[in-house]
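Work through the exercises below with the model open. Each task is followed by a stepwise solution.

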Amino acid sequence: KQVGDADDAGIRPVRGTLDRASLRAIQTPQGFGRDLLARAHLAGAARAASDATAIGDDAGLVEALGEAVHVVPGDPLAFKITTAHDLLIAAVFLEHS
């Protein structure tokens with residue numbers, strides 16, 4: 001869903017439903033040349049002080065520079081382990097592979 005800004009009560013209204021045909025699930029790692037990635041992180045450092053303007057991944061930082069970002073095929077088993085839940089899922093996959 002596409003949502004609007006939160007109101008005073010913290011409620012974010014639904015503004016619409018995006019056409020999924022143009023959406024893709026994005027995985028980590030994301031690959032960029034070191035010089036481009038360093039420039040992107042440097043430029044994004046000032047935005048990181050605010051959750052509203054911070055960018056959450058390398059591709060977003062590179063996009064914010066106005067550079068092209070391309071999609072390549074991924075693998076559903078190449079998931080990021082960030083939480084205890086993610087680690088549990090990875091353990092189940094390893095156990096059954």
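A salt bridge is a side-chain nitrogen of Lys or Arg within 4 Å of a carboxyl oxygen of Asp or Glu. The model is predicted: local features need pLDDT of at least 70, side-chain atom pairs count only at pLDDT 80 or more, and totals for chains, interfaces and linings use all residues. Residues are numbered from 1 along each chain as its sequence is written, and side-chain values use heavy atoms, with hydrogens and water left out.

**Exercise 1. Find the salt bridge and place its partners.**

Step 1. Count. The structure holds 1 salt bridge.
Step 2. Identify the pair. The side chains of R39 and E67 meet at 3.3 Å, N to O.
Step 3. R39 sits in helix α1 and E67 in the loop between α2 and α3, so the pair ties together parts 28 residues apart in sequence. Helices are DSSP runs (H or I, at least four residues), numbered from the N terminus.
Step 4. Check accessibility. Partly exposed lies between buried (under 20% relative accessible area) and exposed (over 50%), with a 1.4 Å probe and protein chains only. R39 is partly exposed at 46%. E67 is also partly exposed, at 34%.

**Exercise 2. Describe the largest pocket.**

Step 1. On a 1 Å grid over the protein atoms alone, a pocket is an open set of points where a 1.4 Å probe fits, with protein on both sides within 12 Å along at least five of seven lines; lining residues have an atom within 4 Å of a point.
Step 2. Take the volume, the space filled by probe spheres set on the points. For the largest pocket this is about 500 Å³.
Step 3. List the centre. Of the 20 lining residues, I26, Q30, H70, V71 and V72 are the closest to it.
Step 4. Sort the lining. It divides into 10 nonpolar, 7 polar and 3 charged residues.

**Exercise 3. Locate the nonpolar surface patch.**

Step 1. Apply the rule. Patch residues have over 30% relative accessible area and no salt bridge, and nonpolar side chains (Val, Leu, Ile, Met, Phe, Trp, Tyr) are joined within 5 Å.
Step 2. Name the members. L77, I89 and F93 form the patch, with about 270 Å² of accessible area together. Such areas come from the Shrake-Rupley method with a 1.4 Å probe.
Step 3. I89 lies in helix α3, residues 84-95. I89 counts as partly exposed at 32% relative accessibility.

**Exercise 4. Is A59 buried or exposed?**

Step 1. Read the accessibility. At 10%, A59 counts as buried.
Step 2. Compare separations. A59 and A40 are 19 residues apart in sequence and 9.0 Å apart in space, C-alpha to C-alpha.

Definitions and conventions. Ala, Val, Leu, Ile, Met, Phe, Trp, Tyr, Cys and Pro count as nonpolar, Asp, Glu, Lys and Arg as charged, and the others, Gly among them, as polar. Patches are made of residues with over 30% relative accessible area and no salt bridge: like charges are joined within 9 Å, nonpolar side chains (Val, Leu, Ile, Met, Phe, Trp, Tyr) within 5 Å. Helices (H or I, at least four residues) and strands (E, at least two) are DSSP runs, numbered from the N terminus.
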